[in-house]
Structure formats: structure tokens, C-alpha cells
Amino acid sequence: MTIGPALPLALLVGLLHTGLYVLVRGHAGGRLPATYVAAALGAWAGAAVGGRLGITVLAIGDFGLIAASIGAWLGIAIVAILATLGPQSDKAR
């Protein structure tokens with residue numbers, strides 16, 4: 001049984017964009033694992049959708065990096081929005 005290149009590339013793209021998010025934001029709080037998982041799953045889904053739509057700009061084989069990057073940032077955005085809507089800690093008081 002072999003693993004296709006999409007999963008390892010999605011994990012790497014998710015790690016890259018999670019690192020960029022933390023670099024820009026300064027911290028991810030306690031939601032760093034959730035951010036990474038969402039970015040990796042978003043990259044995997046983005047590459048699959050991009051492949052179906054024929055978006056092959058900047059691709060490694062069948063893995064479209066642009067579509068994967070967009071999917072990773074959508075996953076990060078979902079986690080950030082849910083964290084904002086969720087209960088806040090008492091640290092701010």
C-alpha cells in the first residue's frame with residue numbers, strides 16, 4: 001500500500017501556513033493544534049477541488065499549491081472565527 005503525494009504535501013502546506021499565521025498574529029493561543037489540523041485538511045480539500053476545477057497554476061504533479069493554499073487559509077479562518085464566537089477566557093478581566 002502506497003500513500004499518494006497529496007496527503008504529505010497537504011500536511012506540509014498546512015504546516016507552512018499555520019506557521020505564517022502564527023508569525024503574523026504573534027500567537028495562536030491554545031488553538032494551535034486545531035489551527036494546524038484545519039489548515040492541513042483545508043489544503044487537502046483545496047487541492048482536490050482545484051484539481052476538479054482544473055486550477056493547475058503552480059502545481060506539484062496533480063497537487064495544486066495555489067488551491068491548497070486557499071483551502072488552508074479558509075481552514076485557518078474558520079478556526080479563528082469559531083474561536084472568536086466561542087466562550088472567552090477570564091484573562092481579559
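**Overall architecture**

Read along the sequence, the chain follows the pattern α-α-β-β-α. It contains three helices and two strands; helices (H or I, at least four residues) and strands (E, at least two) are DSSP runs, numbered from the N terminus. The model is predicted: local features need pLDDT of at least 70, side-chain atom pairs count only at pLDDT 80 or more, and totals for chains, interfaces and linings use all residues. Residues are numbered from 1 along each chain as its sequence is written, and side-chain values use heavy atoms, with hydrogens and water left out.

**Exercise 1.** Determine the span of H2 and state what covers its buried residues.

*Solution.* Step one: H2 has 22 residues and reaches 31 Å from its first C-alpha to its last. Step two: this is close to the 32 Å expected at 1.5 Å a residue, where the expected span is 1.5 Å times one less than the number of residues. Step three: the buried residues of H2 are Thr35, Ala38, Ala39, Ala40, Gly42, Ala43, Gly46, Ala47 and Gly50. Buried means under 20% relative accessible area, exposed over 50%, and partly exposed in between (1.4 Å probe, protein chains only). Step four: the cover over these residues includes H1, strand E2 (63-64) and H3. Step five: after H2 comes Gly54, with a positive phi near 85°.

**Exercise 2.** Identify the residues of the nonpolar surface patch and the helices that supply them.

*Solution.* Step one: Val49, Leu53, Ile55, Val57, Leu58, Ile66, Ile70 and Leu74 make a nonpolar surface patch of about 780 Å². Patch residues have over 30% relative accessible area and no salt bridge, and nonpolar side chains (Val, Leu, Ile, Met, Phe, Trp, Tyr) are joined within 5 Å. A salt bridge is a side-chain nitrogen of Lys or Arg within 4 Å of a carboxyl oxygen of Asp or Glu. Areas come from the Shrake-Rupley method with a 1.4 Å probe. Step two: helix H2 (32-53) and helix H3 (65-85) each supply at least two of the patch residues. Step three: H3 gives the largest share, three residues. Step four: Leu53, in helix H2, counts as exposed because its relative accessibility is 63%.

Conventions. Patches are made of residues with over 30% relative accessible area and no salt bridge: like charges are joined within 9 Å, nonpolar side chains (Val, Leu, Ile, Met, Phe, Trp, Tyr) within 5 Å. Contact means heavy atoms within 4.5 Å.
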